[in-house]
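Welcome! Take a moment to look over the sequence and the structure, and then let us walk through some of the details together.

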Amino acid sequence: MAAPVISEPNAESICMPWDMSDASRLKVFGFSCRPPDPDASPACIKLLTFLKMAHVPYEFVPMFEHQLAGAPKSKMPFVQASWLVDGKKLGDSHFIIEEIKKVAATSLSNIEATQGEKPHGNSGVLELDSWVTPHDAAIATAFKVMLEESLYWATVAARWINYDNFWGVIAPAYFGDIMHMPGILTTPVGWSARKSIMKAANGHGYGRHTEQELAEKLSIEIHAVSTFLGEKTYILGDRPCSFDATVYGYLAPLIQFELAHPLCELVRSLPNLMAYIARMRTEVFPELQAAVSSEDVGKIPSDGE
């Protein structure tokens with residue numbers, strides 16, 4: 001495995017708004033930490049991975065605490081910080097990341113105007129993709145859209161649409177272990193939640209396919225990611241970039257739980273995808289890997305530095 005390339009902020013980092021004080025720390029409202037990954041939700045994993053790679057400190061707030069209160073789009077993740085969109089809550093991982101990039105660019109420009117020269121060091125956020133060519137960014141964007149808008153439904157199919165997986169694994173984990181609901185509520189809440197997810201899947205079109213049809217369609221996309229990744233360390237080469245946050249975020253959930261599903265089994269059968277997921281887990285979230293084997297998983301850190 002390649003040597004870790006994810007490091008903590010150092011003296012050479014340019015001071016950004018999120019570095020000013022603990023009070024300026026970004027609050028991330030997600031689902032729940034699921035070692036060895038930072039969350040059970042693909043979009044939440046994507047955002048948290050980006051923040052760690054870009055050295056943006058955050059405070060994680062799990063769903064059983066926030067209950068989606070104030071969520072701008074009634075979905076996770078959403079965030080809030082004094083330096084972001086005038087302190088208002090902001091939803092959708094795409095818009096959150098893009099706004100953080102805008103803040104970094106504006107801060108860098110202001111520092112340069114004040115000092116009369118380009119500041120030494122790096123911003124973390126802007127440095128992450130500084131080496132990516134427009135051609136590679138275009139290819140990675142296509143994969144990003146495929147993962148977020150299509151392959152996402154592989155996780156939905158394995159977790160929610162598959163009856164045995166949902167009631168045998170997901171419902172007890174989500175509503176019992178994660179949401180801390182009494183056992184008597186697991187069935188009615190699980191039934192209602194699954195009905196809502198199934199309705200969304202049907203509206204999108206994926207819920208209208210048989211499990212075999214879904215597996216045939218989405219397996220092509222999983223193979224495409226595996227083929228493009230090849231023997232590279234990261235999705236675009238030997239260095240990580242923001243697109244890796246999406247690739248890892250949408251592949252890892254397929255192997256988080258021991259689910260009997262052809263798409264989960266496919267990911268497990270592809271050595272380069274499994275090595276990639278393990279690499280991202282180890283280099284970006286080493287503290288969670290230690291927690292997996294710990295006797296007290298409750299001591300998992302909730303803050304990102």
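Helices, taken as H or I with at least four residues, and strands, taken as E with at least two, are DSSP runs numbered from the N terminus. In that numbering, Ser74 sits in the loop between helix 2 and strand 3.

## Overview

Please keep in mind that this is a predicted model. The protein has 11 helices and five strands. Of its 305 residues, 49% count as buried. Among contacts with a separation of 6 or more, 72% are accounted for by residues 24 or more positions apart.

## Backbone details in the loops

Most residues other than glycine have a negative phi, and most peptide bonds are trans. With that in mind, a few places are worth a visit. Ser74 is not a glycine, yet its phi is positive, at about 60°. Ser74 is also exposed, with a relative accessible area of 54%. His55 is another residue other than glycine with a positive phi, near 60°. His55 belongs to the loop between helix 1 and strand 2 (58-61), and at 14% relative accessibility His55 counts as buried.

Where are the cis peptide bonds? One joins Met76 and Pro77, with omega about 0°, and Pro77 lies in the loop between helix 2 (63-66) and strand 3. Another joins Pro35 and Pro36, with omega about 10°. Pro36 is found in the loop between strand 1 (26-29) and helix 1 (42-53).

Gly87 is in the loop between strand 3 (78-80) and strand 4 (90-91). Leaving aside residues up to four places away in sequence, Gly87 touches Gln80, Ala81 and Ser82. At a relative accessible area of 23%, Gly87 is partly exposed.

## Helix 7 against helix 9

Two packed helices are described by the angle between their axes and the distance between the axes. Helix 7 (residues 211-229) packs with helix 9 (residues 262-269) at an angle of about 25°, the axes being 9 Å apart. Angles under 35 degrees count as roughly parallel, so helix 7 is roughly parallel to helix 9. Their crossing is right-handed.

Which residues make the contact? Helix 7 supplies Glu211, Leu214, Ala215, Leu218, Ser219, Ile222 and His223, while helix 9 brings Pro262, Leu263, Leu266 and Val267. By class, the contact of helix 7 with helix 9 has eight nonpolar, two polar and one charged residues.

## Salt bridges

Side chains of opposite charge can pair when their charged atoms come close. The count here comes to seven salt bridges. In one of them, Glu99 meets Lys102 at 3.5 Å, N to O. These two are three residues apart in helix 3 (residues 93-115), which means that about one helical turn separates Glu99 and Lys102. Glu99 is partly exposed, at 23% relative accessibility.

The salt bridge of Asp129 with Lys101 has an N to O distance of 3.8 Å. This pair links distant parts of the chain, 28 residues apart: Asp129 is in the loop between helix 3 and helix 4 (134-161), and Lys101 is in helix 3. Lys101 is partly exposed, at 22% relative accessibility.

Glu148 and Lys144 also form a salt bridge, with their closest N and O atoms 3.3 Å apart. Both are in helix 4, four residues apart, so they are separated by about one helical turn. Are they buried or exposed? Glu148 counts as buried at 15% relative accessibility, and Lys144 counts as buried at 17%. Salt bridges link Lys46, Lys144 and Glu148 in a network.

Key
Residues are numbered from 1 along each chain as its sequence is written. This is a predicted model: local features need pLDDT of at least 70, side-chain atom pairs count only at pLDDT 80 or more; totals for chains, interfaces and linings use all residues. Side-chain values use heavy atoms; hydrogens and water are left out. Axes are lines fitted to C-alpha atoms, for helices over the stretch in contact, and angles run from 0 to 180 degrees between N-to-C directions. Angles under 35 degrees count as roughly parallel, over 145 as roughly antiparallel, 65 to 115 as roughly perpendicular and the rest as oblique. A crossing is left-handed if the near helix is turned anticlockwise from the far one by less than a right angle, and right-handed if clockwise. Contact means heavy atoms within 4.5 Å. Ala, Val, Leu, Ile, Met, Phe, Trp, Tyr, Cys and Pro count as nonpolar, Asp, Glu, Lys and Arg as charged, and the others, Gly among them, as polar. A salt bridge is a side-chain nitrogen of Lys or Arg within 4 Å of a carboxyl oxygen of Asp or Glu. Buried means under 20% relative accessible area, exposed over 50%, partly exposed in between (1.4 Å probe, protein chains only).
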